[in-house]
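Have the model open in your viewer and keep the selection tool handy.

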Amino acid sequence: MPDDFFNQLSDPANFQHPVNVTGQDKNLLFNQLESMLHIREAESCLATGKRDGFIGGPVHLGVGQEAVAVGVAGSLRKSDKVFGAHRSHSHVLAMGADVYRLFAEVLGKETGLSRGMGGSMHLWDKPNGFYGAVPIVSGTVSLAVGAGLAAKLQGSKDIGVSFLGDGAVEEGVVHESLNLARILNAPVLFVVENNLFASHMHISLRQPKASTARFAAANDLPYEIVDGNDAVAVHKAAAKLIANIREGRGPAFIEAITYRWYGHVDWREDIDVGVNRSSGDVSAWRKRDPIRRLADGMIQAGLCNDTFISELKSRTQQTISNAWQRALADPYPSSSALLTRVYASTGENRG
Ligand SMILES: Cc1ncc(C[n+]2csc(CCOP(=O)(O)OP(=O)(O)O)c2C)c(N)n1
Ligand SMILES: [Mg+2]
């Protein structure tokens with residue numbers, strides 16, 4: 001029963017066990033572990049950078065949710081068209097973006113992914129298949145349908161991917177997008193990161209039922225509900241659905257149940273402003289850490305040991321620290337840059 005499984009997954013006392021890695025490709029597991037650590041350390045660096053006053057704009061951190069982006073990205077190509085939203089550092093990094101350019105963007109530097117014009121919520125990295133994150137909740141969902149449809153009309157096997165939140169699903173355009181994708185058989189994967197909150201409000205105060213997969217069923221899309229803190233579970237669901245989409249069988253939907261460790265925006269936990277967010281829940285969810293769980297699963301399977309994990313962590317921290325220092329030293333865009341790339345008519349300055 002989907003609702004029963006959802007209810008088990010949304011209780012943080014469950015699913016704290018090591019990830020089952022039996023039968024999984026070894027290289028894929030190491031890649032997943034490295035990628036999640038990379039994202040975790042990058043976002044931890046941004047949390048500190050924001051707290052210490054280096055970052056001007058808001059920063060929406062997805063610490064705790066890394067397995068969703070990494071689990072899906074393992075089955076994507078750079079020619080696919082991936083869209084995110086306001087909490088998309090994990091999505092762009094999982095697709096292979098240079099963390100230095102992400103940092104430069106968040107700092108408003110001219111070397112940033114969007115040339116310093118957008119900040120944390122306007123990320124763009126076309127060479128790695130990331131077609132955009134925007135702060136307008138649900139604003140990119142229909143674009144992913146259009147991009148998937150364009151790929152289909154061009155005869156490629158590429159797909160559109162929409163990462164969206166449980167709050168975004170409350171916008172009408174999501175339901176129109178699901179319907180249109182299905183009726184046109186557009187190659188699109190919808191990935192709902194259901195972290196149980198939209199801003200500060202728990203889903204039980206917003207929806208009669210907490211699982212968003214019922215909207216996939218209502219629009220006749222195949223769907224999977226997965227443990228969003230288990231990279232292998234996300235990978236298995238994504239690999240299966242993406243293979244079907246590439247075969248021309250139309251759109252599909254994943255609902256990944258997860259939780260963000262920080263509050264809605266910036267580095268605080270937001271216990272006091274969260275409606276139904278308690279410190280007990282946050283600490284229970286921290287025990288369902290997707291990185292620790294994959295590491296434990298790999299150690300249990302004899303693939304690595306604790307020394308390997310701590311060395312990998314130190315190496316990753318060094319990479320992140322170097323990228324941050326380099327981005328900090330970069331210049332801001334000049335004032336004349338405000339007028340370039342406003343119109344796209346000439347083809348000049350694109351890219
Ligand atoms: C159209 C629109 N409405 C409201 C907001 C304000 N807002 C920003 S994030 C957010 C909550 C989004 O929740 P969800 O989609 O679950 O994503 P999460 O923050 O949990 O990752 C809201 C309401 C917005 N940016 N855009
Ligand atoms: Mg949410």
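Start by selecting R40, E66 and D289, which are linked in a network of salt bridges. A salt bridge here is a side-chain nitrogen of Lys or Arg within 4 Å of a carboxyl oxygen of Asp or Glu. Before moving on, note that this is a predicted model, where local features need pLDDT of at least 70, side-chain atom pairs count only at pLDDT 80 or more, and totals for chains, interfaces and linings use all residues. Residues are numbered from 1 along each chain as its sequence is written, chains are lettered from A and ligands numbered from 1 in the order in which they are written, and side-chain values use heavy atoms, with hydrogens and water left out.

How many salt bridges does a search of the whole structure find? The search gives 14. For one of them, select D158 and K81, whose side chains meet with an N to O distance of 3.9 Å. This pair links distant parts of the chain, 77 residues apart: K81 sits in strand 1 (residues 81-84), and D158 in the loop between helix 6 (141-153) and strand 3. Helices (H or I, at least four residues) and strands (E, at least two) are DSSP runs, numbered from the N terminus. Both D158 and K81 are buried. Buried means under 20% relative accessible area, exposed over 50%, and partly exposed in between (1.4 Å probe, protein chains only).

G108 has a relative accessible area of 17%, so it is buried.

Next, show the magnesium ion (ligand 2). Which protein donors does it have? They are D166 (OD), N195 (OD1) and F197 (O), lying 2.1 to 2.2 Å from the ion. Donors are N, O and S atoms within 2.8 Å of the metal (3.2 Å for Na, K and Ca); water is not among the atoms, so sites may look incomplete. In sequence, the donor residues follow the spacing D-x28-N-x1-F. D166 lies in the loop between strand 3 (160-165) and helix 7 (172-183), and N195, 29 residues apart from it, in the loop between strand 4 (188-194) and strand 5 (197-198). N195 counts as buried because its relative accessibility is 5%.

R206 is in the loop between strand 6 (201-202) and helix 8 (213-218), so the pair ties together parts 40 residues apart in sequence. D166 is buried at 2%, and R206 counts as buried at 18%. R206 also forms a salt bridge with E170, again with the closest N and O atoms 2.6 Å apart. E170 counts as partly exposed because its relative accessibility is 34%.

Now select ligand 1, which 15 residues surround (within 4 Å, heavy atoms); the closest are H86, R87, P135, G167 and N195. Oxygen atoms of ligand 1 are 2.8 Å from a side-chain N or O atom of H86 and 2.7 Å from one of R87. A nitrogen atom of ligand 1 is 3.1 Å from a polar backbone atom of V137.

Terms used:
A polar contact is a pair of N or O atoms within 3.5 Å; within protein, one must be able to donate a hydrogen and the other to accept it, and residues adjacent in sequence count only if both atoms are side-chain atoms.
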